Amino acid sequence: TGRVGIGANEVIALFAQHRVEKLPLIDDDGRLAGLITIKDFDKSEKYPLATKDEHGRLRVGAAIGFFGDAWERAEALRDAGVDVIVV
C-alpha cells in the first residue's frame with residue numbers, strides 16, 4: 001500500500017520492488033482512498049494532453065436535452081461531480 005499523496009517516482013519504485021501492477025492508497029485513518037495502477041502511467045504517457053482536474057482526474061462532461069426533467073438531470077450530474085454540462 002501507499003499513502004495518499006505518494007509521488008510518482010515512489011509508486012514506480014514500489015511497482016518494481018514488489019513486482020505488482022496495483023497500489024492501494026490508504027488515508028491517515030487507515031481507509032482505502034484510491035488505487036494507482038501501472039496502466040495509469042501507461043495512459044499518462046500515451047495521452048499527455050488529456051484534460052485533468054487539480055486532483056489529476058480526467059475531466060468529465062455530459063450532454064442533456066432541454067425539455068422534461070432536464071433541470072433535475074442537470075442537478076444530479078452536478079451533484080455527481082460532472083465538470084461541464086452541455087444543453
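Three strands make up an open sheet, arranged in the order 1-2-3 and with mixed pairing, in what is a predicted model. At the edges of this sheet lie strand 1 (2-3) and strand 3 (32-37), each of which pairs on one side only. Helix 1 (residues 8-18) packs on the sheet and touches strand 1, strand 2 and strand 3.

**Strand pairing**

- Strand 2, which covers residues 22-26, pairs with strand 3 in the antiparallel sense, and five bridges connect the two.
- Lys22 has its bridge partner in strand 3, where that partner is Thr37.

**Helix 1 against the sheet**

- The direction of helix 1 makes about 130° with that of strand 2.
- The buried residues of helix 1 are Val11, Leu14 and Phe15, where buried stands for under 20% relative accessible area.
- Seen down the axis of helix 1, these buried residues fall within an arc of 100°, and they therefore line one face of the helix.
- The cover over the buried residues of helix 1 includes strand 2 and strand 3 of the sheet, together with helix 2 (38-46).

**The other side and the end of helix 1**

- Asn9, Ala16 and Gln17 are exposed on the other side of helix 1, with exposed standing for over 50% relative accessible area.
- Arg19, which comes just after helix 1, takes a positive phi of about 50°.

Notes: Residues numbered from 1 in each chain as written. Predicted model: local features only at pLDDT ≥ 70, side-chain atom pairs only at ≥ 80, totals over all residues. Heavy atoms only, no water. Pairing = 2+ DSSP bridges. Helix = DSSP H or I, 4+ residues; strand = E, 2+ residues; numbered from the N terminus. Contact = heavy atoms within 4.5 Å. Axes fitted to C-alpha atoms, helices over the stretch in contact; angles between N-to-C directions. Buried < 20%, exposed > 50% of the residue type's maximum accessible area, 1.4 Å probe, protein only. Arc of directions from axis to C-beta.
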